[in-house]
Amino acid sequence: MSTAEGRQSALFLFEEAMAFTYSAALRAVAALRVADQLAAGPRPVAEVAAAVGVDAGALARILRLLAGRGIFAEEADGRFGLAPAGQALRSDAAVPARSGVLMFTDAMFWTTSYELASTLRRDGATFADVFGMPLGEYFDRHADKEALFYDGMERVSDAENPLIAASYEFPASGTVADVGGRYGGLLAQVLRANPGLRGVLLDKPEEVAKHRLDTPELAGRWEVVGGDFFTSVPPADVLVLKRILHNLDDGDCVRLLRNCRAALHPGGTVLVVDAIVPADPAPHQSTAMDFMMLAAMTGKERTEAEIAPLLSAAGLRLTRLVPTHSVMSIVEAVPH
């Protein structure tokens, strides 16, 4: 490598190393609810700063940074407004993103990511290495963090679920079971899009008690089951596992998939919905999500080639990979 090439490499890496500034700035404006102050249109920074209780000069610099990412827009007269990409930061957005932004940038991810070089030297990087306790215990001791995590993930799901439901051709009739589906957001979208289907929602009793299926349009077409999917899975024609396998190690994935195989009606299908890492090395959100899993959890985002043997070990055969208009893909599998 020539000196000139080395210099360009160094300059590129310095810029990459500073990319955290965008996440930090995004967290700041989300925490301050700046977007709500711009719902009616562009305003002078001084007005917005006064409304949220911060220094105007500092806020202007943060908005300028995020304007470069297309989240805010700087007017010729110096006012700032929300750009189309930033509209979901508003509290009244059709699909609000604020809690998801706060969740992804919370210290439970930020700190584990920062400490990754140290934790990698030990026998596997885990959340407990950094916080001194497993994630479940951490949530037990910090109810606010647990609420933020699950509310943030619900907002992420609200954005994804309609896209997932519309991307797969479900059968005209039969039963679809959402395994580990928490509040049933995806199941509700599937039932809305497929009026001939009935649905079953399986999760822990305390989770399904808060389900979102009790609406007039879905009346009489669903049931909820409180239980443990490692013990049993409700029988169905289609079993859906959304953001479940990525939380589990390979052994637990096979345990769960075997239960799904046993519960399938004849001719049934298992759908694994996860952020499948593409074979193409181009940037993809799934690899960023995989980094977060590496830093904080025990699971991982898998490639199609990594999921196939897990399915095979459970008596299932991968038939196809269905993309969606989100980071999520649908892995379709049937019995051997």
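Trainee: Which strands does helix 14 (residues 250–263) lie across?
Mentor: This is a predicted model: local features need pLDDT of at least 70, side-chain atom pairs count only at pLDDT 80 or more, and totals for chains, interfaces and linings use all residues. Residues are numbered from 1 along each chain as its sequence is written, and side-chain values use heavy atoms, leaving out hydrogens and water. Helices (H or I, at least four residues) and strands (E, at least two) are DSSP runs numbered from the N terminus. Helix 14 runs at about 150 degrees to strand 7 (angles go from 0 to 180 degrees between N-to-C directions, with axes fitted to C-alpha atoms, for helices over the stretch in contact) and lies across strand 3, strand 6, strand 7, strand 8 and strand 9.

Trainee: Which strands stand at the edges of the sheet?
Mentor: Follow the order of the open, mixed sheet of 7 strands, 5-4-3-6-7-9-8; strands pair if DSSP finds at least two bridges between them. Each edge strand has a single partner, so one side of it is left without a neighbour in the sheet; these are strand 5 (222–226) and strand 8 (316–323).

Trainee: Over how many bridges do strand 8 and strand 9 pair?
Mentor: Good one to check in the viewer! Leu-321 stands opposite Val-331 in strand 9. The two strands pair in the antiparallel sense, and the count is 7 bridges.

Trainee: Is Leu-316 buried or exposed?
Mentor: Leu-316 is found in strand 8. Away from its sequence neighbours within four places, its contacts (heavy atoms within 4.5 Å) include Leu-257, Val-270, Leu-311 and Ala-333. Buried means under 20% relative accessible area, exposed over 50%, and partly exposed in between (1.4 Å probe, protein chains only). At a relative accessible area of 0%, Leu-316 is buried.

Trainee: How far apart are the C-alpha atoms of Leu-316 and Ala-333?
Mentor: These two residues are 17 residues apart along the chain.

Trainee: At what angle do helix 7 (residues 107–114) and helix 15 (residues 285–296) pack?
Mentor: Their axes are 8 Å apart. Among the residues that meet, Met-108 and Phe-109 come from helix 7, while Phe-291 and Met-292 come from helix 15. The helices pack at an angle of about 80 degrees.

Trainee: Which residues does Val-29 touch, not counting those up to four places away in sequence?
Mentor: Val-29 is one of the residues that touch the most other members of the largest nonpolar core, which has 34 residues. Such a core is a set of buried Ala, Val, Leu, Ile, Met, Phe, Trp, Tyr and Cys residues joined through side-chain atoms within 4.5 Å. Val-29 touches Val-34, Ile-62, Leu-63, Leu-66, Phe-72 and Leu-89.
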